[in-house]
Protein chains: 2
Amino acid sequence: MQTAPKKASPRKRDTYHVGNLAPQLLDAARRLLDEEGPGKLSLRAVSERVGVSPTAAYHHFASRGELLAHLAAQGFRELSQVLADDREDGGPLLQVCLAYFRFARGNPAIYQLMFGAEFVSGETLPALAEARDEAFGRLERIIADELALPRDASEVRAAALASWSYIHGLASLMIHGVIQVPDAVGDERLVELTLGGLQRVFRGT
Amino acid sequence: MQTAPKKASPRKRDTYHVGNLAPQLLDAARRLLDEEGPGKLSLRAVSERVGVSPTAAYHHFASRGELLAHLAAQGFRELSQVLADDREDGGPLLQVCLAYFRFARGNPAIYQLMFGAEFVSGETLPALAEARDEAFGRLERIIADELALPRDASEVRAAALASWSYIHGLASLMIHGVIQVPDAVGDERLVELTLGGLQRVFRGT
DNA sequence: GAAGAATCTTGACAGTGATAAGTTATGCTC
DNA sequence: GAGCATAACTTATCACTGTCAAGATTCTTC
């Protein structure tokens, strides 16, 4: 099982490579995504990295989109984990937004994929919707705790959706280079600043 | 120079010179984008729609990306217009968020392009950055008016960036199908609900 | 009119996702 | 173990994409 040539020689295929290919493909895709960014993520590149023929993936995924969807689902699971972990001291909202933002900043390619339009249009993979819903549910619970009084479920939902919109918007603008945060500012400061901005907006009203 | 056949027949190339090709290409691309969505927006499809050879665009745009960038810039100019127009009665913030959201809802493909990662990475077209900055500047001025007291410029900027993050995040989540707003709710209601949610969050803190 | 530049076309190349048909390994049944 | 059905993987190929190079056409300027 350990032939694993770093880079499959393009000359001749020596082994057939039966094995659990799907997770290997996902791993390779994830690494390729982090290293080269999306756009470089072709099935051929992924397959070559694993050392397998360009069309081998089709025996495990219906299409390129489905592979990407699995990747995105994995991203949502990681995000859920992050949101669950970083809930310690300080204002819960600030903490959670910071953790969210750091995840996006640290994994821009995956984040882009998670919320990109590559496959989201049309019907999505059930596992993806599930992972996404779970991440949002976690956020929702945190927001529910944040709100002082016990509230209507729909109110909690609206507040969570609004918070999600804000932090996702900030992350999206940052990732796509729309806002270039000067290095002197830093991520934490950016989140603090904008949260303070929101606070000021809603005090003034 | 008004030969200008409305729609070139795709069968045979009868004339050589079309005239001012660049705007025609942009127009065709815009319509194709609205009708078929991104992903269907290939240079070949655009060229064929204008009735011109597949590579004609390269005499007016350096690459496909540059054409898309011009399209995005146009989108930002439209958005600026929308933000300037819909500033009448009611709370300015709600009005402006509504206008913004309606624009995104009404032009999902262009909006996706404006904030997508297709070309934003790397150096962007100056005209695009300019149009984007102008749209944000407009938002910034609106937010400045919204805030009661005269404020520090950086505070205004932070508040505007936060507001932008929120409404962009909401639009992005909607466009990518992450949140499916039930038809019974409607756009206005969604914006109202989430704005109310934010208010509640920042009151409770 | 002719020269030269701008504009547009044809032809080609490398790369992409995807399908179809053939090849090899795995596992099941006796 | 032998035989065979099936899953896993490969090769060959297709249609499509962005892009470049070189040729054909039109416009401009003298």
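So, A:D187: it's buried, with a relative accessible area of 15%. This is a predicted model, by the way. What does A:D187 form a salt bridge with? The partner is A:R105, and their closest N and O atoms sit 2.9 Å apart. A:R105 is partly exposed, at 33% relative accessible area. The two come from distant parts of the chain: A:R105 belongs to helix α4 (residues 92-106) of chain A and A:D187 to helix α8 (residues 187-204) of chain A, 82 residues apart.

There's another link of that kind. A:E140 forms a salt bridge with A:R157, with the closest N and O atoms 3.4 Å apart. Here A:E140 is in helix α6 (residues 126-146) of chain A and A:R157 in helix α7 (residues 153-175) of chain A, 17 residues apart. A:E140 counts as buried at 18% relative accessibility, while A:R157, at 48%, counts as partly exposed.

Then one inside a helix. A:R30 pairs with A:D34 in a salt bridge, 3.2 Å between the closest N and O atoms. They're 4 residues apart in helix α1 (residues 21-36) of chain A, so about one helical turn separates them. A:R30 is buried at 12% relative accessibility, and A:D34 is partly exposed at 42%.

Over all chains the count comes to 16 salt bridges. And how many between chain B and chain A? The count there is 0.

Okay, on to that interface. The contact takes 41 residues from chain B and 41 residues from chain A. About 3,700 Å² is buried between the chains, and carbon and sulfur atoms give 71% of that. On the chain B side, B:H176, B:R200 and B:F202 lose the most area to chain A, together 18% of what that side buries.

As for symmetry, chain B superposes on chain A by a rotation of 180 degrees with 0.0 Å of shift along the axis, RMSD 0.1 Å. That's the relation of a two-fold axis. The same surface serves both copies, with 100% of the contact residues of chain B recurring in chain A.

Now helix α2 of chain B, residues 43-50. Its buried residues are B:L43, B:V46, B:S47 and B:V50. They cover an arc of only 95 degrees around the axis, so they lie on the same side of α2(B). Their cover includes α1 (21-36) and α3 (64-85) of chain B. Exposed residues B:R44 and B:E48 are on the face turned away from the buried side.

Last, cysteines: 0 disulfides over all chains, and A:C97 is buried at 3% relative accessibility.

How values were computed. Residues are numbered from 1 along each chain as its sequence is written. Chains are lettered from A and ligands numbered from 1 in the order in which they are written. This is a predicted model: local features need pLDDT of at least 70, side-chain atom pairs count only at pLDDT 80 or more; totals for chains, interfaces and linings use all residues. Side-chain values use heavy atoms; hydrogens and water are left out. A disulfide is a pair of cysteine sulfur atoms within 2.5 Å. Buried means under 20% relative accessible area, exposed over 50%, partly exposed in between (1.4 Å probe, protein chains only). Copies are superposed by least squares on the C-alpha atoms of residues with pLDDT of at least 70 in both. Contact means heavy atoms within 4.5 Å. The arc is that of the directions from the helix axis to the C-beta atoms. Buried area is the accessible area (1.4 Å probe) that two parts lose on being put together, summed over both. A salt bridge is a side-chain nitrogen of Lys or Arg within 4 Å of a carboxyl oxygen of Asp or Glu.
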